[in-house]
Amino acid sequence: MEELPSITVSQREQFLVENDVFGMYSYFDTSDIATQKFMVEIQRDKQLDYLMNGLRQLGPSFSSLDANRPWVCYWIIHSIALLGESVDDDLENNAIDFLGRCQGSDGGYGGGPGQLPHLATSYAAVNTLVTLGGEKAFSSINREQMACFLRRMKDTNGGFRMHNMGEIDVRACYTAISIASILNIVDDELTRGLGDYILSCQTYEGGIGGEPGSEAHGGYTYCGLATMILINEVDRLNLDSLMNWVVHRQGVEMGFQGRTNKLVDGCYTFWQAAPCVLLQRFFSSQDMAPHGSSSHMSQGTDEDHEEHAHDEDDLEDSDEDDSDEDSDEDSGNGHQVHHTSTYIDRRIQPVFDSLGLQRYVLLCSKVADGGFRDKLRKPRDFYHTCYCLSGLSVAQHAFSKDEDTPPLTRDILGGYANHLEPVHLLHNVVMDRYNEAIEFFHREA
Amino acid sequence: MHGRPRKAYKPEEEAASAAKAAKLRGLQSQFMANHHNKIYTKEAVDLSTKLLEINPEAYTAWNYRKLAVEDKLSRIESDPDLVKTILDEELRVVESALKQNFKSYGAWHHRKWVLSKGHSSVGNELRLLDQFQKLDTRNFHAWNYRRFVVELTKRSEQDELEYTDDMIGSDFSNYSAWHNRSVLLSSLLARKADGFLPNKKIPDEYKLVQNAIFTDEDDQSGWFYHLWLLDQTVNVETPLLTSSWPSHGSRISLYAGCSNGSFSKLTTFGSESGSFPLVLYFDQAVGGVSSSTVTIDSELKGNEDLVWEPVSKKNSQVSCVWVARLKYISSEPCFGKEYKVKVRVGNSPGIVSSRGFNFSASYEFVFTAHVHDTVEESSQEGIVSWTDGFDIWDAESKDLNALATLDRSNAQMDSKWRQEAIAEEIDLFRELPDSKIGKLTLARLLMAKAMISDDAVKGVHYNEILELYKDLMALDSSHYQYYKDEHSVALLRKVTSSTEDLSGHLFRCRNMNNSVCLRLNNLSLSRIASVEKLLFVQMLDLSHNELHSTEGLEAMQLLSCLNLSRNRIRSFSALDSLRHLKQLRVLDVSHNHIGEHSVDTTRYLCSSPLSNSEWPQDEVGSQMPSLATKYWDAYFVLRDLNLKQLDITGNVIAGDEFSSFVLQVVPKLVWLDGKKLEI
């Protein structure tokens, strides 16, 4: 290879994006406080308008134009749930009814009524129904048939196929196991050889590619990691290099890129930040013991621990990242701040720049009129809205050691007005809805 | 659908789009009817073509076409021309669908399906790929498909490597091309293809990537490739035995029961069970360690069929650490004698790394076991103090050499070119102006160099590495914890790199049979490393650090006393690895963060019906179901330990209720929080 050109296409594009992003940041930095406050505000009402409108535009009977209607349902309904709202009864019934028509007679959900059942759309459908919540939504899922469908999609190489005669990849593995885990239908047959398949997709960089030999990619890394955690084999991955790969996907723009040397994109806010938090929690609590723990068991202990008086001794060796813990600024916004020291010990320093990430999402991905986008100059869409909001929620809660601990005001760019519901990191559904669903499906078993 | 921008429609466009939607809806319902009625006429198939050309993501239509093709093929008398016509039409449809959306999973997959029917002309496929790869050089579908075509048509990897030359030459930021290069080279190097010997090829690759890195150091692509090269330079595929306990040439002193003897130069070891652990530590996880792959030659009776167990989490059958228990008290009295024990690792093939490489060179080591006849009755069980009764290690003595062979040089490794390559890189990166990635790469290079170089220069490298990580922590606070962990690893490597360094941290505990005590307190460690060099340690003081977990300590099978006071342990689950330490009697976890919040791991580690079987139906579990439920994480760890002394004070979980729970779970406990228990 002789001479290398002085500037490549990727570099020019990168330069242009940086220019846009830093232009936005410097405008923000030089604005007065009131403007700044406005700029970082999530604009709940605008967001809800955009989302509700989208839901209605799906048509009264949710016509089945393309091959991913359940995804559109999930993107919108999950986004609404993240904002702490829910849809009205009509829309809810409509959605349950529509998804029911996507459900195949042999199990699984297709991209629309009559279409072949497909793992990705099944995942979207199940997550939508979990997010809607309630007996009617839950019981509309045919668990037994779903288990049969998942078994049919299982390949002898350990992985899963997206649909009958379809492609095998890490997405398929994740969606299958996420569904099985929520519906409480995981068994040996589904997990057999799966860990080996995912392992074969981890690259030397540390991230995970879509299939063996592929380049590491944010979306697949999330899918692969979540799958390995769900089947309890996460320690087989090279977690050191995975951590290294994922933290370095956050660039100077403060957003995440999806692959090495690609442009920043708002949707990776979720795909990359969630693995960061999952890995950090894994490293810091070494979850080996709790075989057999179920969510019910430890639920009872939560309150008990809160009541424990705080031990004086712990104040001295509290984490040094909390040394800036001066009196809690801005506690007058309705959020109850209990004993501050309880927070100190329930807090960690995230392995990525959480506030920087929130800044990128709110200043560059947010569209003032509602919705979120990949980056400045790009149009908004429901996919990016869903994953920007999900990622924003992950970033807001990244300072807490667990989902029980509400974030401090200073963890949330824009303060509590921007607070989003915490999500279950392995399924990306809002925590409360997850708990309700898990209880239902464990009762079912 | 990820990342595919959807256009925002302007009002005037909406009418057109509505018309289009209506048309599509018509097509779709017509298609569905055909599909469900299995109609494969020309008109019906043409209709699916139209649908796919508009919406390539309609995967149901791709499946319909597969069925239609199968149907057609079954009707013709395998006339090669007809077959070709049918399959060509499929390729044409895929191509035009890809022009509509070249990220369509269904379209690419359909093309693979057609090719695997045996219809292929390489030239065509590569030409098509060229087109798409020029349009979007990072399209991973296209790259995946390229690898598929190459494999199917057995195109040479050398040719493909040349293709990456071209791609990188025209755009060195194209990481996908770098990635493919690493995949191809891995394969070529592994099978030692002509002209692809690591000692020749890897230095060439360093030169290539330097070109990219130094042209623009902010471009990430080259850095990652560089990291891969470093891996290739350092890693040896064949698994090696890193260390063992007892080590080669060492002498150990064995007792029945506990003893108060004083043998300063030896490891004294007593156990009620009359056996001692034999520990093998490999440089990578291996499986297949058994009494046939590892043989023991000694006069100690009853050790013919040793049971080897992997020391690993869960039930994995591969591990870096393997342990067997050697009996030294058999029915025949054999006290007061010295025994030579010869261990042969890799006696017969069967030890295989998790990546599938064989432990090839068999390795033999010999140690001497002195078995004493002083059977003392269980002596009065005093409290173990971490402050009094310690003797400083005599740095001049050769004691340490008798305990552990600290450095097993990887003699069989052809290390010259590796050292040269790394040294050259280090020189180069020292010149690179300060950048985060430059510092990080330099730290990694130095770490690699320290691993394969002589003792004498190691210390210097470690000091430089520690400085680099300190700089990085200050420079790049968003990745603070990552650098912090790396800093801890480097620090522990430094401490264990030489006899001088290590003996500064070693002590003898007079009250504990002169047990070897290692103090690594107050070093702000956030992570444990280098345990392979510490297998002989019996008492370990890690107090006043920043540890979150005990992972790694499971290899230290001789450990009987462990001090973790004032760390950042948050739950008993974080102590899980201690369950492997059968000798552990004294544990201090005072002043940690245990119990400050619920340890509901199901929040991200979902319970599955698979794992429910273990939940307790044993004694304590059924006697005190509510406490066992409340303290399940403590329960799972403590019930497997054999503790005599536990300190838990200064944790939120501590209190009367927890104490009474502990007494139930650990009935043999004598000291709790410094107080003797009334029995």
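**A walk through chains A and B**

Let's start at Asp45(A), which counts as exposed because its relative accessibility is 59%; exposed means over 50% relative accessible area, buried under 20%, and partly exposed in between, using a 1.4 Å probe and protein chains only. This is a predicted model, where local features need pLDDT of at least 70, side-chain atom pairs count only at pLDDT 80 or more, and totals for chains, interfaces and linings use all residues. Residues are numbered from 1 along each chain as its sequence is written, chains are lettered from A and ligands numbered from 1 in the order in which they are written, and side-chain values use heavy atoms, leaving out hydrogens and water.

Asp45(A) sits in helix α3 of chain A, residues 44-57. Helices (H or I, at least four residues) and strands (E, at least two) are DSSP runs, numbered from the N terminus. Chain A has 21 helices and four strands.

Asn428(A) isn't a glycine, yet its phi is positive, about 55°. You'll find Asn428(A) in the loop between β3 (423-424) and β4 (429-430) of chain A, and it is buried, with a relative accessible area of 0%.

Over in chain B, Ser530(B) also has a positive phi, near 60°, without being a glycine. Ser530(B) lies in the loop between β13 (515-519) and β14 (539-541), and counts as buried at 6% relative accessibility.
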